[in-house]
Amino acid sequence: ERRPRMEERLFTPAERAYCSGRVNPVEHLAGTLAAKEAVIKALRLGSLAAWGARIEVVRAPSGEPRALVGGRTVAVSISHDGPVAVAVALALPL
């Protein structure tokens, strides 16, 4: 709420639509953001500001998340409980 444009800068339209359709959108945005941070660290990409909108977290019909970045798919796991969201990304060598 303090930075309304930040959501547009860090999340794709599909991510915003997915999260806004959930009971607690902020919780899901936080989990998605945690997944993006995990991918950035796993792939050693740089800053969130530079890569946030270039990474897209998508969900399979089963609900399983994965991240798409530069034509690559990265396995991610997202967990949230109340005000805390965490994620892990598994990036195997090409």
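Tutor: Rings of Phe, Tyr and Trp (for Trp, its six-membered ring) count as a pair if their centres lie within 6.5 Å; the pair is stacked if the planes are under 30 degrees apart, edge-to-face if they are over 60, and tilted otherwise. By this rule the model has 0 aromatic pairs. The model is a predicted one, in which local features need pLDDT of at least 70 and side-chain atom pairs count only at pLDDT 80 or more, while totals for chains, interfaces and linings use all residues. Residues are numbered from 1 along each chain as its sequence is written, and side-chain values use heavy atoms, with hydrogens and water left out.

The part to look at closely is the sheet, together with what lies against it. Strands here are DSSP runs of E with at least two residues, helices are runs of H or I with at least four, and both are numbered from the N terminus. Two strands are said to pair if DSSP finds at least two bridges between them. Strands of a sheet pair through backbone hydrogen bonds, either parallel or antiparallel.

This sheet is open and has 4 strands in the order β1-β2-β3-β4, paired antiparallel. Its edges are β1 (55-59) and β4 (84-90), each of which pairs on one side only. On average, neighbouring strands are turned by 30° against each other, direction ignored. The helix α3 packs on this sheet and touches β1, β2, β3 and β4, and its direction makes about 35° with that of β4. Touching, or contact, means heavy atoms within 4.5 Å. For the angles, axes are lines fitted to C-alpha atoms, for helices over the stretch in contact, and values run from 0 to 180 degrees between N-to-C directions.

Now go along the strands. β1 and β2 are joined in the antiparallel sense by 5 bridges. The hairpin of β2 and β3 has 2 residues between them, and G70 in its turn has a positive phi of about 55°. β2 itself has two faces: P65, A67 and V69 are on the covered one, and R66 and L68 are on the uncovered one.

E15 is in helix α2 (residues 13-20). E15 is buried, with a relative accessible area of 0%; buried means under 20%, exposed over 50% and partly exposed in between, found with a 1.4 Å probe on protein chains only. A polar contact is a pair of N or O atoms within 3.5 Å; within protein, one must be able to donate a hydrogen and the other to accept it, and residues adjacent in sequence count only if both atoms are side-chain atoms. A polar atom of the E15 side chain also lies 2.7 Å from the backbone nitrogen of T12. Leaving out residues up to four places away in sequence, E15 touches L10, T32, K36, I55, E56 and V57.

K36, one of those contacts, belongs to helix α3. K36 is buried too, with a relative accessible area of 0%.

R44 has a positive phi near 55° although R44 is not a glycine, and R44 is exposed, with a relative accessible area of 75%. Another arginine, R54, has its charged end over the ring of W51, 3.8 Å from the centre. Such a placement requires NZ of Lys or CZ of Arg within 6 Å of the ring centre and within 35 degrees of the ring normal.
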